[in-house]
Amino acid sequence: MTASSDKFYDYLIVGQGIAGTSLAWHLHEAGKKVLLVNDSSLPSSSKVAAGIFNPLTGKKLVKTWLADDLFPYAQQFYGRVQEKLGVKVLHQASIFRPFRSIEEQNSYLAQTADAGISKYIRPTSEQQNIPEHVHAPFGGMEVIRSGWVDLPLLLDKSRDYFESISQYIESSFDVADLVVSEERVGWKDFGFDKVILCQGFNARDNDWFSWLPFTPVKGQILEVDIPAAGDQIVNQGIFILPISGSRCRVGATYSWDPLDWETTEAAAQELEGKLKPLLKVPYTITGQLAGIRPSSHDRRPMVGIHPEHPRVGIFNGLGTKGVTLAPFFANQFTEYLEMDKELNETVNIKRYFSLYFR
Ligand SMILES: Cc1cc2nc3c(=O)[nH]c(=O)nc-3n(C[C@H](O)[C@H](O)[C@H](O)COP(=O)(O)OP(=O)(O)OC[C@H]3O[C@@H](n4cnc5c(N)ncnc54)[C@H](O)[C@@H]3O)c2cc1C
């Protein structure tokens, strides 16, 4: 089939979270005609996420996987999309990490000898003052090349853009409506060269890929009013992300059972228990959100083409780091689909094909 018909698209992309949105942009930029189908009444992890990108994570200050590649690419991608959309979605912000003790101070400072780590830490001589609202008796350090992306705004404006060029449909997608043949993919009265499923947590219930080892993780965050929160992110066990003025997001929790989208009192208490000792100022909790991170068994993205159906693909498994993983691997996936370039073996679903054929 040629692309001459109005009803023919190169790609059907199911799901418009950060996975589907990043992929749609890359294919669009590569000159492909995509149709995004999304059901906004379904919960979405991207709408709950704080959107933070942080190159040094965990108690031990570990550099995140592929940070040197992922971070510059993500900033480039969000920069060019925000320019196209005419809204600011990319916010550069350093992350203040208060030391918990003198021992932690010494151990963190020793790590700055490692050039791979030190490029992400602001030199002591240039560090800003300790934020006034934060309790940090042992001082702290500043992680740089970090920040956050306003995912709800990016998703809404991207949807408007694709809708304006007739490449977005608001609809629920039932896998039973998909007709896959050797020549084409059919859905409703549209035809496609390929379909790529970007359904986040919901992909688990999709017969095409239910054999993949999805290991989803529930997470909750609080919406909190903190006066004079500034524009620096604070991170010690939890993050405090100033969104605008005194509006902040505080998170996140990790839990595996039950896997639902409901907020709980226990999570609110856990987060508040960590927030209170970190703040010197009064605060007001204004809301709470819950989501499910679409993680995989080995905590790496799951990207690629079905073992038996070359017209059906998946882009999933973004786990806790969708903001930085999505753009980089959407680019790689686009080059793989369109230019026959290699897909990183660590993310290619080929690593799990034995689960399909067993
Ligand atoms: C509390 C919390 C905090 C987080 N904080 C961060 C953070 O600070 N930084 C970071 O990088 N990551 C963070 N994450 C992780 C991030 O949210 C995910 O990695 C990312 O959003 C996953 O994107 P996705 O597009 O794969 O899935 P989703 O965002 O869930 O998108 C899936 C989309 O598919 C659509 N869909 C599914 N099924 C159907 C269907 N049958 N028909 C039509 N549409 C369908 C849904 O409507 C949805 O829009 C956080 C997650 C949580 C829960």
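Predicted model: local features only at pLDDT ≥ 70, side-chain atom pairs only at ≥ 80, totals over all residues.
Biologist: What is the bridge partner of Val 185 in S13?
Modeller: S12 and S13 pair over three bridges, antiparallel. The residue in S13 that takes Val 185 as bridge partner is Phe 192.

Biologist: Which residue in the turn of the hairpin of S12 and S13 has a positive phi?
Modeller: Two residues lie between S12 and S13 in this hairpin. The loop in question runs between S12 (185-187) and S13 (190-197). A phi near 50° is found there in a residue other than glycine, and the residue is Lys 188.

Biologist: Is Lys 188 buried or exposed, or something in between?
Modeller: The buried class needs 20 or more other C-beta atoms within 10 Å, and the exposed class 12 or fewer. Lys 188 has 15 such atoms, so its class is partly exposed.

Biologist: What is the bridge partner of Val 195 in S20?
Modeller: S13 also pairs with strand S20, residues 312-316. The two strands run parallel and are joined by three bridges. In S20, Val 195 is paired with Val 312.

Biologist: Which strands stand at the edges of the open sheet of seven strands?
Modeller: The order in this sheet is S8-S7-S15-S16-S17-S14-S18, with mixed pairing. An edge strand has a single partner strand, so one of its sides is left without a neighbour in the sheet. That applies to S8 (140-143) and S18 (284-293).

Biologist: By how many degrees are neighbouring strands of this sheet turned against each other on average?
Modeller: The angle is taken with direction ignored, and it concerns neighbouring strands of this sheet. The average is 25°.

Biologist: What is the bridge partner of Glu 223 in S17?
Modeller: Strand S14 (217-225) and strand S17 (247-251) run antiparallel and are joined by five bridges. Within S17, the partner of Glu 223 is Arg 249.

Biologist: Is Arg 145 buried or exposed?
Modeller: Arg 145 is found in the loop between S8 and strand S9 (147-149). Although not a glycine, Arg 145 has a positive phi of about 60°. With 20 other C-beta atoms within 10 Å, Arg 145 is buried.

Biologist: How far apart are the centres of domain 1 and domain 2?
Modeller: Domain 1 comprises 8-47 + 152-214 + 298-357, and domain 2 comprises 94-145 + 217-293. The centres are taken over C-alpha atoms, and their separation is 32 Å.

Biologist: How many residues does each domain give to the contact?
Modeller: On the side of domain 1 that touches domain 2, two residues are nonpolar, three are polar and no residue is charged. The contact takes five residues from domain 1 and, from domain 2, four residues.

Biologist: Which residues does Ala 49 touch, not counting residues up to four places away in sequence?
Modeller: Ala 49 is in the loop between H2 and strand S3 (52-53), and counts as buried because it has 27 C-beta neighbours inside 10 Å. Its C-alpha is 9.0 Å from that of Leu 289, a residue 240 places apart from Ala 49 in sequence. The residues touched are Leu 151, Gly 291 and Gly 322.

Definitions and conventions:
Residues numbered from 1 in each chain as written. Domains from an automatic or database assignment. Contact = placed C-beta atoms within 7 Å. Nonpolar A, V, L, I, M, F, W, Y, C, P; charged D, E, K, R; others polar. Pairing = 2+ DSSP bridges. Helix = DSSP H or I, 4+ residues; strand = E, 2+ residues; numbered from the N terminus. Axes fitted to C-alpha atoms, helices over the stretch in contact; angles between N-to-C directions.
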